[in-house]
Amino acid sequence: MRLYLLPVSTRRTLLYGSRLNTAASAHDRSYIDRGADFAARKWAQWEKMEGGWQRKVVDYGNHAFRRIPFEEWGLKSVPPLSARRRDEELRGRDKVELVFPPAAIPEHKAESVVQKLATERQALHRQRLLWCFVGMPITAPLGLVPLVPNLPFFYLVYRAWSHWRAINGGKHIQWLLQNKLLQLSPSKDLDQLYIKDGQAPTEEPSGKEQMLITQKQIQDFSETLDLPAVEIELERAIWQVERALGKEQEQEQQQQRQQQTEKESTESEKKDKQS
């Protein structure tokens with residue numbers, strides 16, 4: 001397995017896990033994973049439909065999925081730690097590489113970055129997993145309505161599975177770190193995608209978070225890593241980070257306008273008193 005650290009901005013990094021031994025991983029997959037694959041194939045069939053309620057469900061669903069935090073998608077890409085996988089990784093049969101661009105992430109910081117990504121959202125995922133379990137019995141009776149799929153129930157089931165996978169992906173990474181099984185693999189090829197005008201990414205000279213990659217570079221990452229599946233992950237991550245930075249900028253501008261208004265109001269009051 002390979003873990004990739006792909007900085008999206010100066011403060012946010014996409015974690016992505018890619019399994020190398022596909023034959024072994026297919027044999028080691030749980031019934032939950034097989035069920036998820038069946039749902040994915042069915043979803044792909046619905047996407048090909050030109051109309052109907054299935055197509056509407058897909059359109060609304062994809063709109064909602066795009067808003068699921070990219071950090072969650074990243075943890076989900078790391079397989080749960082089964083007994084077989086634990087044994088293979090301990091024996092060195094399944095080596096785990098940590099690939100990253102040293103120009104953006106210094107080698108001495110790589111493990112701390114992946115440690116943070118594996119642990120910082122664990123409490124949130126546990127809390128939301130619990131709420132999904134609370135909501136399932138409430139929405140289950142909607143399935144009694146004829147000819148109408150129980151979308152709220154199935155959405156909660158999916159979100160519960162998603163949070164469960166994210167939790168277990170994070171646990172797997174923590175286990176790898178604790179047992180010192182991660183092999184650092186700095187990539188010079190990745191460096192070339194982050195170095196601009198001969199300069200490595202800076203440490204926010206303006207004190208503000210800055211984007212490090214753009215949507216136009218997604219295909220370059222895919223070709224450099226020979227990993228087509230990473231394209232959708234990067235597209236989602238870049239879109240979310242750009243959207244978040246846009247909102248922060250709007251809030252900052254709004255605060256500045258409010259401060260300017262208050263300042264002008266104060267000056268006006270002083271002039272009135274003087275007159």
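Hi everyone. Before we start, one term: a residue is buried when its relative accessible area is under 20%. And please keep in mind that this is a predicted model.

Let's open with helix α6, which covers residues 110-119. Which residues of α6 are buried? They are A110, V114, L117 and A118. These four sit on the same side of α6, because they cover an arc of only 100° around the axis.

Now over to the strands. On one hand, β1 pairs with strand β2, residues 13-18. The two run antiparallel and are joined by 6 bridges. A hairpin of 5 residues links β1 to β2. On the other hand, β1 pairs with strand β3, residues 96-100, this time in the parallel sense and over 3 bridges.

My last stop is E209, in the loop between α9 (188-194) and α10 (218-225). Is E209 buried or exposed? E209 counts as buried, because its relative accessibility is 13%. And what does its side chain touch? There is a polar contact of 2.5 Å between the side chains of E209 and S9. The E209 side chain also makes a polar contact with the side chain of R12, at 2.8 Å.

Conventions:
Residues numbered from 1 in each chain as written. Predicted model: local features only at pLDDT ≥ 70, side-chain atom pairs only at ≥ 80, totals over all residues. Heavy atoms only, no water. Pairing = 2+ DSSP bridges. Buried < 20%, exposed > 50% of the residue type's maximum accessible area, 1.4 Å probe, protein only. Arc of directions from axis to C-beta. Polar contact = N/O pair within 3.5 Å; in protein donor to acceptor, adjacent residues only side chain to side chain.
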